[in-house]
Structure formats: structure tokens, C-alpha cells
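Work through each task before reading its solution.

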Amino acid sequence: MQVASDKQQAVYELLKERRDAETATDVDSLREDWIQDLSDLFERLRSWMTDAEKQGLLKVEQDEVELKEERLGRYQAPMLRVITPGVSVRIVPRGRLIIGAQGRVDFETPASRILLVRTKQSSWEFRELAECRWRGDPLTEQSFWAVLDSLLR
Amino acid sequence: MSCQKAPAIDSGWPRPWQVLEYFENSLESLGSLQREAASREIRPESRFYGLTPDEFSDAIERTRNELEHQVVLLLTASFEAVLKVDLVIRCRQRCRQKVANVRERHGGPAERHVRQLAVRLAEYTSIDILGGCRQSPCSGWGAR
């Protein structure tokens, strides 16, 4: 059938185009960049908590979590656990392929959750709901402690 | 005893076809949102920004379900309003006709009955319509 084979040809062309545009190396480098960015982020967060850790106010543990994403497949990513006398806060990556952004890490306790979104490479923002509109608050040491404060209360 | 004024019927309720139009518009909006998200063109101000594809699909699914429930309730209410208003209009016409018939047939001596009927007509149109239908003040009176 001519129409079907035309359509089939169109699908083949589209798939070839996509295959050429995105090779396995692209996917691997996407995943590696993401994991590297996560390691850098966690190193930064740990450095901000060193003083509190030295004073015995909290304990930071690094662990791994398995993520599964449609294009990236299954992979291991780092995560942090901030253990305090009252609550423990999990800082856990949710994925690289995020709607509108380039990755997300959640700060979560059993009671609440705050999102940290990777807007571009090495650039992170907390998502905040202010006056009924979502906005981004760049990750700084100050914003990090503000988030921790709201999660621990 | 003064005669109550019958309440006016508000004709501004959404008709079933308008509810259907709302449903189809909303579905199309959801579809546009899904296409926007698929092409990753969601703006940071959007409440869907930063969601994983699974979270986004769940959010859309929940919204679609909620929309369907809402539209079912809206359609039920809209059809009920159509039936009730139709009933009120028919009952009012029938009662008016009966009052006119009594006046015409009996003249002056029937004035007391006419007044009673007018009062009951006003009460009737202000009470629960479907319940009132079963005990219509006009039923069995003046029809003879």
C-alpha cells in the first residue's frame, strides 16, 4: 500500500534524524555531567555544614540512590542524609530529565519537601511559592540554611 | 392576607451545551499543556516547572479526572434546572388559566375562592418545585 509505505518512510526518516542527533555518547555524557554536577553540589552543601557537624549539631551521610529515566536508563546517583536530633533531611536527586529544567534534587522530611531545580549546568534554584506564583531562589549558603530551617521546624 | 409575589426565574444558569463546550475547551487546554511540556517549553513561573515526567503525567491525570467529575455534576445540575424551570412555567400557566376559568364561570360569588387560589399559586411557585408538583393547589380544583 503506497500510503502506508510513505508513512513508514516518513517514520524511518524521523527516527534516523533523531538517532543522528542523539548518539549513545550524548546520553552518556548527559548522565555523566549530571552526576558530576550532583557531586559538586553535595560537596558544596557539605562544606556549608562542616561547622555544625564539628559542633555535633548534625551529622551528614552520603549514600547512593538508583534512578531510572526514560532516555538515561538506570543509574546510581549520590544523595545526602542530614541527621539532626529531631528530624533527618534527605537530599535526594529526582532526575535529570525534568520539565522546563535540567535536573532536580529534593530536600525532604517525612512532613515536607522543597525542590532544588538545576536551571542550567552548575546553576541551582530553590522553587518557592510566593504570592501565588512560583519563583526561583538561587542556591546560596543563606538560602540553603533558610530551607533547612523551614524543614527542621 | 396579602398575595406573595412569585419569585422570578433566573435564566443565567449554564445550559448543557455550554457545559459541554467548557469540557471540550478544558480538554484542549490540557492537551496543549502536555504538548508544551513534551517540548520542554514550560516557563519557570508555571506550577509544572521542575516536575519529573511521571509527576507531570500524574498531575494531568488527576486534573482530567477532576474535570470529568466536575462536568458530570455541572451537567446534572444544568439538566435539573432545565426540567425544573420548564415545570414551573407550565404550572404557572396552568394555574393562571384555572383562576381565569373560575372567574369567568362563577363571577362575583367565587371571589373568595379566586383569592385563595391566587395565594396558593404564589406559595406554590415559591416552594420546592418537584415536591409541590405532587400537591399542586390547582390539581382537582376548577378542573371540574
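## Pocket exercises

**Exercise 1.** Sort the residues of the lining of the largest pocket into nonpolar, polar and charged.

*Solution.* The lining divides into 8 nonpolar, 4 polar and 9 charged residues. Here Ala, Val, Leu, Ile, Met, Phe, Trp, Tyr, Cys and Pro count as nonpolar, Asp, Glu, Lys and Arg as charged, and the others, Gly among them, as polar.

This is a predicted model, where local features need pLDDT of at least 70, side-chain atom pairs count only at pLDDT 80 or more, and totals for chains, interfaces and linings use all residues. Residues are numbered from 1 along each chain as its sequence is written, and chains are lettered from A in the order in which they are written.

**Exercise 2.** State which element gives the most to the lining of the largest pocket.

*Solution.* Helix H2 of chain B does, with 5 residues. Helices (H or I, at least four residues) and strands (E, at least two) are DSSP runs, numbered from the N terminus.

**Exercise 3.** Describe the second largest pocket: its volume, its central residues and its elements.

*Solution.* Start with the volume: about 340 Å³. Next, the lining has 14 residues, and the closest to the pocket's centre are A:Arg113, A:Trp134, B:Arg47, B:Leu51 and B:Arg62. Then the elements: strand S5 (113–120) of chain A and H2 of chain B each give two or more residues. H2(B) gives the most, with 5 residues. Last, the lining divides into 7 nonpolar, 1 polar and 6 charged residues.

A pocket is an open set of points on a 1 Å grid over the protein atoms alone, where a 1.4 Å probe fits, with protein on both sides within 12 Å along at least five of seven lines; lining residues have an atom within 4 Å of a point. Points are joined across faces, edges and corners, and a volume is the space filled by probe spheres set on them.

Key. Side-chain values use heavy atoms; hydrogens and water are left out.
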